[in-house]
Amino acid sequence: MLKTGKGTDVTFDVNGQLFHAHRCVLAARSPVFEAELFGPMKEKATAEPIEVADMEPSVFKELLHFIYTDSTMSSDSKKGDDDDERTASMQHLLVAADRYGLDRLRLMCEVSLCQGIDAQTVATTLALAEQHHFARLKGACLRFIASRDVLAVAMKTEGFKHLVASCPLITVEILDKIAEA
């Protein structure tokens, strides 16, 4: 349905890229889309595209793919990408899944990010987890950073500088976790 575009009745504008979809499918899969498209906060039933702010078109495309197929494209099409790019893509998809109330996708993204934690990405992933209250992901990052002398390597990354600047109290939690080990 998504690929053919037959019967689409809603259009989204994501940074100038248009996406056509079916209101009923979106509403059935996402409580946020249901409220946006059919509830009291519904968008006007006009031919105007609904603007989606603060999201890249590639992330919205992945989100729609999940809504229609209950699977992600990233497991197949992004195997050739480097790990940092896959991690960043998964981080953005996690935020989108949370934004639209897609709990299964959120869980899939968290699991993927937990499995892919490394010294180069742990700080950015931890900042994301802290800022969006992803407890499972935050715990995994704290355990990783406290293990195997990872902190020294992680502290040299730009992500760690961002983490300290944006979430300064997390350093106390990092030290507590290291003290536990």
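This is a predicted model: local features need pLDDT of at least 70, side-chain atom pairs count only at pLDDT 80 or more; totals for chains, interfaces and linings use all residues.
Local features need pLDDT of at least 70 and side-chain atom pairs count only at pLDDT 80 or more, whereas totals for chains, interfaces and linings use all residues. Residues are numbered from 1 along each chain as its sequence is written, and side-chain values use heavy atoms, with hydrogens and water left out.

The protein contains eleven helices and three strands, where helices (H or I, at least four residues) and strands (E, at least two) are DSSP runs numbered from the N terminus. Along its principal axes, the C-alpha trace spans about 55 × 35 × 25 Å. Of the 181 residues, 40% count as buried, that is, under 20% relative accessible area with a 1.4 Å probe and protein chains only.

The largest nonpolar core has 50 residues, and F12, F33 and F60 are among those with the most contacts inside it; such a core is a set of buried Ala, Val, Leu, Ile, Met, Phe, Trp, Tyr and Cys residues joined through side-chain atoms within 4.5 Å. Leaving aside neighbours within four places in sequence, F60 is in contact (heavy atoms within 4.5 Å) with residues including F12, F33 and Y100.

The axes of helix α5 (residues 83-99) and helix α6 (residues 103-115) come within 8 Å and cross at roughly 155°, these axes being lines fitted to C-alpha atoms over the stretch in contact, with angles from 0 to 180 degrees between N-to-C directions. The two helices α5 and α6 are therefore roughly antiparallel, a term for angles over 145 degrees.

How values were computed. Angles under 35 degrees count as roughly parallel, over 145 as roughly antiparallel, 65 to 115 as roughly perpendicular and the rest as oblique.
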